[in-house]
Amino acid sequence: MSEWKIDQNIKAAFFDADGTMISFATHRVPESTLVALRELRQNGVKCFLCTGRPPYTVEEVPLDSLEAFILFNGQFILNRDGVLYQETMDKADIATIVEQVQAGMYQCLFMTAERMFVSGHDDLVRSIEAKVGLTYEEDDPALALNADIYQLNVFLEPGQTDVVKQACNSIKMTRWTREFVDVFPRGGGKDRAVRKVLDLYGITPDEAIAFGDGGNDLGMFGVCGTSVAMGNGNPEVREQADFVTDDVDRDGIYNACVRLGLIGC
């Protein structure tokens, strides 16, 4: 673990949502984080959301403080001028997963650009709804066959996901919670999306910092020159980060920005 010092002039900051910017306890963004974002912008640092959430579930996020938005774990990027990049999942893989869901092998949350719907509710679905403060609408999984799907949440616990991996040809999976695994196109992920954003804004990786707490954040940790794990983050995330700050509910983002000299105390 490094001392709280960075040599580069930081020009971009990427923030995960759940467990990083948004509290699991209150389902809100702490006031200290809002202050940090405002001060970062005042100091010339461009701030970006980088989340697995779709665009219609980020109402809690301070959109006015953010330059652009990486959504669906990197499959959809937009700013105030419009969509910068998008990629949907392979139709054959969607058909395979729909078949498995219909066979009762697991529940699945399907995400389009306009809505998301879950195939049904079980203990894992109800658990994550409580954790993130959302309620998922149920609908027929067959609707996904004729829709553009950007990402799935497959409700299988760790060690159970081979049934999906072995049946599909063009997917990648990442996990930030025990209840489900994120499933999206094989070439996707937060790492690719962060690279695209840095290129678009003319910022080098060494000039970027990333904040996260879950396994799906490790990709952007590998792209950005500086990485900060939340104190409430998963053990492997804390281990691989350059710095570990306080919990989201204990002013983790604000404290890290102060310690690193990105904002005033």
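This is a predicted model: local features need pLDDT of at least 70, side-chain atom pairs count only at pLDDT 80 or more; totals for chains, interfaces and linings use all residues.
I started at Q86, which counts as partly exposed at 44% relative accessibility; the classes are buried under 20% relative accessible area, exposed over 50%, and partly exposed in between, with a 1.4 Å probe and protein chains only. Numbering runs from 1 along each chain as its sequence is written, and side-chain values use heavy atoms, with hydrogens and water left out.

**Entry: Q86**

I placed Q86 in strand β5, residues 82-86. Helices (H or I, at least four residues) and strands (E, at least two) are DSSP runs, numbered from the N terminus. Leaving out residues up to four places away in sequence, I found Q86 touching Q75, F76 and Y150, where contact means heavy atoms within 4.5 Å. With Y150 there is a side chain to side chain polar contact at 2.4 Å. For that term I used N or O atoms within 3.5 Å; within protein, one must be able to donate a hydrogen and the other to accept it, and residues adjacent in sequence count only if both atoms are side-chain atoms. I also checked G74, twelve residues from Q86 along the chain: the C-alpha atoms are 8.3 Å apart.

**Entry: the β3-β4 loop**

Which residue here has a positive phi of about 50 degrees although it is not a glycine? That is F72, in the loop between β3 (68-71) and β4 (76-79). F72 is buried, at 0% relative accessible area. N73 sits in the loop between β3 and β4 as well, with a positive phi of about 60 degrees despite not being a glycine. I have N73 down as buried, at 1%.

**Entry: salt bridges**

I got 14 salt bridges in the structure, each a side-chain nitrogen of Lys or Arg within 4 Å of a carboxyl oxygen of Asp or Glu. I looked up D18 with R53, whose closest N and O atoms are 2.5 Å apart. D18 lies in the loop between β1 (12-15) and α1 (31-42) and R53 in the loop between β2 (46-50) and β3, so the pair ties together parts 35 residues apart in sequence. D18 is buried at 9%, and R53 is buried at 5%.

Next I took R178 and E157, which meet at 2.9 Å, N to O. This pair links distant parts of the chain, 21 residues apart: R178 is in the loop between β9 (171-177) and β10 (180-185), E157 in the loop between β8 (151-155) and α4 (162-165). R178 is partly exposed at 41%, and E157 is partly exposed at 29%.
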